[in-house]
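Here is a friendly briefing to read with the model open on your screen. It covers helix packing, pockets and sheets.

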Amino acid sequence: MARMNGLLCLLAAWCLGGTATAQEKPHWVASWATSQMVPTGENAAPAEDLTDATIRQIVRVSIGGKRLRVRLSNAFGTTPLVIDAASVALSADNATARILPAGARALRFGGQAVVTIPAGADYLSDPVDLAIAPGADLAITLHLPLPPERQTGHPGARAHSHFAHGQQVMAEALAGAKIATRWYAIGGVEVDAPGAGALVILGDSITDGYGVQPNTNARWPDRLAARLRAHPATRNLAVLNAGIGGNRLRLDGTGPNALARFEREVLAPPGVTHLLVIEGINDLGTLTRDAPATPDQHAALVREMIGVFEQIVARARAHGIKAIGGTIMPDGASAYYHPDVANEADRAAVNAWIRAPGNFDAVVDFDAAMRDPKNPTRLRPELDSGDGLHPSIAGYQAMADAVPLALLATATKR
């Protein structure tokens, strides 16, 4: 009897072990993401381009994984969005949107080819067995039978998206395609990557990559991701670019304010372990761009900006996310904001708060790295794009190089 009980226990352990192996829990981490907003004016795709439309959009993941899933977005839609076919593939040529047929997979949603995404919602595809390398370029292809009543997208793609008519989601190349430099209805790519984590960079046009040419992946978060991949201690940390041109901490602009989008951009992506915030230059600049402000208005702005930072840090810490503050870079040569002494005092006050120990968990001093030593209210000339506000391509590299990798040692988040 004892021998029989032993055999039964051994058999049970073997069965349980086999089940655990067969059903090994995945570790999903966001490897690429973009911020969502309502495209308006020239940023909105014409309705005819989204009618019986195949859209192929190219994205570069930051870390690899043994399988993936795609997050589609109807975050700002007012009606359900129907996508009746979709695929993901390895890109063969980003400029022409040609894919590698052997690396193409149809996307399914609950086993179905068609998905209806509710208004205001995102939707994950089923997992796809497609191993991808760190830094790989993926083509996400969607077929829309009808255009959404209100679009969701990201105007600052800095990458070519290709539009063609007819259902061509598995085609190696799209016949009769036209090109735009915006993303629509795609929100993220998640990979199954045990031991990995993710860094979200919450920012404005500087993070979004103003001035970067399409398909070059020369934004400063892109350059930082390349640095992380090259270092053993950080190669398993993804970089998620949550930059929106014109973004502010307190007020909406071309997209939702930083605090309003915090839940979706920072907390929703899986595997986030670190947050780097570099926001505030637009809050400072818009205060006096069109008319002078009173001393009380300047004081209120500084107080409210710090209040938003405090909210961001508290929410990040509550979810076990390391909150890193990025100091606000100088814009003294900006003809757009034309800051005066009072504006510069506001920037100095906010930066002093960011630098003060304990307010953030760590600090990246972009101001110190980018300012002109001879005129610290301005960007260094060799790092200035020419507008006194946005860095050049060399400036974006300098920003990426200014981030101490020791701050970003990965810690797996379950």
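Helix α6 (residues 295–318) packs with helix α7 (residues 341–355) at an angle of about 25°, and their axes lie 10 Å apart. That angle makes α6 roughly parallel to α7. Please keep in mind that this is a predicted model, in which local features need pLDDT of at least 70, side-chain atom pairs count only at pLDDT 80 or more, and totals for chains, interfaces and linings use all residues. Residues are numbered from 1 along each chain as its sequence is written, and side-chain values use heavy atoms, with hydrogens and water left out.

**Helix packing**

- Helices (H or I, at least four residues) and strands (E, at least two) are DSSP runs, numbered from the N terminus.
- Axes are lines fitted to C-alpha atoms, for helices over the stretch in contact, and angles run from 0 to 180 degrees between N-to-C directions.
- Angles under 35 degrees count as roughly parallel, over 145 as roughly antiparallel, 65 to 115 as roughly perpendicular, and the rest as oblique.
- α3 and helix α9 (residues 393–401) pack at about 45°, with axes 8 Å apart.
- That makes α3 oblique to α9, and the crossing of α3 and α9 is right-handed.

**Pockets**

- A pocket is an open set of points on a 1 Å grid over the protein atoms alone, where a 1.4 Å probe fits and protein lies on both sides within 12 Å along at least five of seven lines; lining residues have an atom within 4 Å of a point.
- Grid points are joined across faces, edges and corners, and a volume is the space filled by probe spheres set on the points.
- The largest pocket holds about 650 Å³ of space. Its lining has 31 residues, and Ser205, Tyr210, Gly245, Gly246 and Thr254 are the closest to its centre.
- Both α2 (205–208) and α5 (281–288) supply at least two residues of the lining of the largest pocket.
- By class, the lining of the largest pocket has 11 nonpolar, 13 polar and 7 charged residues (Ala, Val, Leu, Ile, Met, Phe, Trp, Tyr, Cys and Pro count as nonpolar, Asp, Glu, Lys and Arg as charged, and the others, Gly among them, as polar).
- The second largest pocket holds about 340 Å³. Among its 27 lining residues, Trp32, Arg60, Asn217, Arg219 and Asp222 lie nearest its centre.
- Two or more residues of the lining of the second largest pocket come from each of β1 (28–33), β2 (53–60), α3 (220–229) and β16 (237–243).
- α3 gives the largest share of that lining, 4 residues.

**Sheets**

- Two strands pair if DSSP finds at least two bridges between them.
- Strand β11 (residues 161–165) pairs with β12 over 3 bridges in the antiparallel sense, and His162 has Ile179 in β12 as its bridge partner.
- Another open sheet has 4 strands in the order β1-β14-β3-β8, again with antiparallel pairing. The edge strands here are β1 and β8 (121–124).
- Strands β3 (residues 68–74) and β14 (residues 186–192) run antiparallel and are joined by 5 bridges, with Val70 opposite Val189 in β14.

Technical notes: A crossing is left-handed if the near helix is turned anticlockwise from the far one by less than a right angle, and right-handed if clockwise.
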